[in-house]
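Please look over the model and follow its chain from start to end. The paragraphs that come next walk through it part by part.

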Amino acid sequence: MHLGLNRLFSSTIVATVFAYSMDELDKYTELLTNEMAKNLIDIKPAWAMQDAAFRTNMPYNDNKLNKSHTFDRRAMSTVFPFFTSDIGHDGGIPLGFNKQTGLPILYDNFSSKLTNYNMVIFGKSGAGKSVTVKMLSARSSILMGIDSLALDAER
Ligand SMILES: Nc1ncnc2c1ncn2[C@@H]1O[C@H](COP(=O)(O)OP(=O)(O)OP(=O)(O)O)[C@@H](O)[C@H]1O
Ligand SMILES: [Mg+2]
């Protein structure tokens, strides 16, 4: 992806579909194509250029596909689904407040809405990652009776 004139972005969106057999791969490709079509998104399998497409999708920022689409800034921003209108769970630990609606946000690591119990916290240094983890473990101990064990790779 690169920034062009007039804040236009010339972009290629690539995804790799993984399967253990050709039949499975065909099945997943068809399923993905159908699901995307429901949202009016037309995706194209990289027939006869799978190798170039696969390499393009590796984290080297080297686009070997000679196909791109021009997006303006607004269109480009909708491509990244980094926001959701539905944050949090019905029960769990109070995390804070939704700045837009003012409603409290509860988070339950063991909610059946989640596919697993894992969680990862990203943030720049001093953003409050350690404070968040301490708050989560303190509140989950008091509110849900959950014991926490901390392992520090750097002792
Ligand atoms: N929600 C908050 N309200 C007020 N102060 C906060 C909040 N979260 C963090 N802080 C303060 O910000 C400072 C940095 O927080 P913290 O140590 O959690 O950052 P960090 O993301 O773990 O940083 P590092 O990557 O350096 O470990 C601390 O002094 C902490 O008290
Ligand atoms: Mg920290």
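The expected span of a helix is 1.5 Å times one less than its number of residues. Helices (H or I, at least four residues) and strands (E, at least two) are DSSP runs, numbered from the N terminus. Take helix H4, residues 129–144. H4 has 16 residues, so at 1.5 Å a residue it should span 22 Å. Its end C-alpha atoms are 21 Å apart, which agrees.

Some ground rules come next. This is a predicted model, in which local features need pLDDT of at least 70, side-chain atom pairs count only at pLDDT 80 or more, and totals for chains, interfaces and linings use all residues. Residues are numbered from 1 along each chain as its sequence is written, while chains are lettered from A and ligands numbered from 1 in the order in which they are written.

Now take the whole protein. Four helices and five strands make it up. Along the sequence they follow the pattern β-β-α-α-β-α-β-β-α. How does the radius of gyration of the protein compare with the globule rule? The radius is 21 Å, well over the 15 Å that the rule gives for 155 residues, so the protein is more spread out than a compact globule. Here the radius of gyration is taken over C-alpha atoms, and the globule rule is 2.2 Å times the number of residues to the power 0.38. The C-alpha atoms fill a box of roughly 60 × 45 × 40 Å, taken along the principal axes.

The protein is divided into two parts: domain 1 covers 2–77 and domain 2 covers 93–144. These bounds come from an automatic or database domain assignment. The C-alpha centres of domain 1 and domain 2 lie 33 Å apart.

How much of the protein is buried? Buried residues make up 2% of the 155 residues. A residue is buried if 20 or more other C-beta atoms lie within 10 Å of its own, exposed if 12 or fewer, and partly exposed in between, with C-beta atoms placed from the backbone. Contacts give another view. Two residues are in contact if their C-beta atoms, placed from the backbone, lie within 7 Å. Among contacts between residues at least 6 apart in sequence, 32% join residues at least 24 apart.

Go to helix H1, residues 22–38. H1 has 17 residues and reaches 24 Å from its first C-alpha to its last, close to the 24 Å expected. The number of buried residues in H1 is zero, so this helix lies largely in the open. Leu32 is one of the residues of H1. It has 14 other C-beta atoms within 10 Å, so Leu32 is partly exposed. Beyond its neighbours within four places in sequence, Leu32 is in contact with Val17 and Ile43. Met119 is 87 residues from Leu32 in sequence, and their C-alpha atoms are 27 Å apart.

Next comes a point about backbone angles. Most residues other than glycine have a negative phi. Leu40 sits in the loop between H1 and H2. It has 6 C-beta neighbours inside 10 Å, so Leu40 counts as exposed. Asn61 also has a positive phi, near 50°. Asn61 is found in the loop between H2 and strand E3 (69–72). With 8 C-beta neighbours inside 10 Å, Asn61 counts as exposed. Asn61 and Glu24 are 37 residues apart in sequence and 29 Å apart, C-alpha to C-alpha.

Helix H2 (residues 50–56) holds Phe54. Is Phe54 exposed or partly exposed? Its 13 C-beta neighbours inside 10 Å make Phe54 partly exposed. Ala15 is 39 residues from Phe54 along the chain, yet their C-alpha atoms are separated by 8.3 Å.

Finish with the ligand and the end of the chain. Which residues are around ligand 1? They are Gly123, Ser125, Gly126, Ala127, Gly128, Lys129, Ser130 and Val131. A residue is near a molecule if its C-beta atom, placed from the backbone, lies within 6 Å of it. The shell divides into two nonpolar, five polar and one charged. Ala, Val, Leu, Ile, Met, Phe, Trp, Tyr, Cys and Pro count as nonpolar, Asp, Glu, Lys and Arg as charged, and the others, Gly among them, as polar. After H4 comes Gly145, with a positive phi near 65°. Ile146 lies in the segment after H4. Setting aside neighbours within four places in sequence, Ile146 is in contact with Ser140 and Ser141.
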